Amino acid sequence: MQLYNTLSAEERAQLIDEAGKERLTLSFYAYAKIEDPKKFRDELFIAWNALDALGRIYVAHEGINAQMSVPADQFEAFRNTLEVYDFMKGIRLNVAVEQDDHSFLKLTIKVRHKIVADGLNDDSFDVTNKGIHLKAQEFNNLLEDPNTIVVDFRNHYESEVGHFQGAITPDVENFRESLPIINEQLQDFKEDKNLLMYCTGGIRCEKASAYFKHQGFNNVFQLEGGIIEYTRQIKEEGIESKFIGKNFVFDHRLGERITDDIISQCHQCGKPCDNHTNCANDACHLLFIQCDECKAIMENCCSTECLEIIHLPLEEQLQLRKGLQVGNKVFRKGKSDALKFKNSGDLPVKPLGKAAGKNIRKKITVKKVLLGKAEHYYTKSKIAQFLIENKELSVGDKVLISGPTTGEQEITMTEIFVNGSPCETAKKGDQITFELPFRVRLSDKLYKILQASENA
């Protein structure tokens, strides 16, 4: 019986593209007493794997925390797999504002000690004795009350690109750091102030609200469903958004735009920007904010040191990071002396700029077909090499180059070379080269754009 992934992320992405079906990115959580998390985990994997549901899920004795990608036509079938368990009957599923078929490319369900790492060893408080849940309009109303203190229980790299107006935004890298800091700061306001809290989807506030009630705070409130549900409600009900900027999300997208306000800066040049990226140096993978211009100049690197390293032969790179924790084991989130414009804990009062051509009420749907994969990038001449594995590519075609580090880059083909000679059309099996101002990687895919439409 299959209880693990058998396909790579690249193979899964290709199957998703070939299927051509819409997928929904969603999240949910539930606190409950689970006697056998391992058995629960295996049951979920079998049920969800059969539906082609993908995502990152944590289960523990205290409940479940899930971020997932589900085929739209299997949404009700997926919901039915949750209804089997009493504690998930009628559970709210937070559906993302912006959809991306590649938000998750594997089904990973892990058994953890806790579904959210809170650093608490105090079992004397009841996690179900939580704060009062508020809907979007109720949250906005309480924000206007001068007797309210609003706290962002997310990390510094999340609040830096978007937050509620007037919120306390702790300069922390994880949830467990924020609890004692906020508790200490608000000791004098336990009895007479409204403590209003929020996070991405609600799960961190669920635990935090119970913790602060246990600490003696009288008036504790939390945003129901977090920023994700708040955004859905303000769109559907025409409510003014008190959240400004972008909502950071923990999948391939790294963010959903809520308003067109840009409140953060490129960490390298200081230009208004709120696009996160990971350093291209596999021994670094620093998460930081980088504008398109710096991305092109620095080739997705956070420093000149990392830029030099990615141009070394692979054998030398491997030798340099021998013995180091790399890849997914690196948790450096936007803090480095190489970043000149990092402003953790020191957020601007007013937005620094506006996002160009963005409208959260419209979605761009791009129909594309996979052509092939990247094989090499010649840095000095800025030439990219791809292998055409499917269909044909002609001069004048619009293409999309997509990858975990590269992101999504659209260009129009002005010249194509096959075996060093220019040609009008490249066919299946051809090894092609063309000029490209940004570096490509072996994980990058080449797509032909067939049609782009805008939906309200």
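Which strands does helix α8 lie across, and at what angle does α8 run to β11? I found that α8 (residues 226-237) lies across β8 and β11, at about 120° to β11. Axes are lines fitted to C-alpha atoms, for helices over the stretch in contact (heavy atoms within 4.5 Å), and angles run from 0 to 180 degrees between N-to-C directions. Helices (H or I, at least four residues) and strands (E, at least two) are DSSP runs, numbered from the N terminus.

I note that the model is predicted: local features need pLDDT of at least 70, side-chain atom pairs count only at pLDDT 80 or more, and totals for chains, interfaces and linings use all residues. Residues are numbered from 1 along each chain as its sequence is written, and side-chain values use heavy atoms, with hydrogens and water left out.

I then looked up the sheet. It is open, with three strands in the order β8-β11-β12 and antiparallel pairing; strands pair if DSSP finds at least two bridges between them. β8 (162-164) and β12 (256-257) are the edge strands, each pairing on one side only. Two bridges join β11 (residues 243-247) to β12, and N247 has E256 as its bridge partner.

Next I examined S264, in the loop between β13 (261-262) and β14 (276-278).

Last, I checked α3 (residues 75-83), where F75, F78, T81 and L82 are buried. They lie on the same side of α3 because they cover an arc of only 115° around the axis, taken from the directions from the helix axis to the C-beta atoms. The buried residues of α3 pack against β1 (23-31), α2 (37-49) and β3 (63-71).

Definitions and conventions
Buried means under 20% relative accessible area, exposed over 50%, partly exposed in between (1.4 Å probe, protein chains only).
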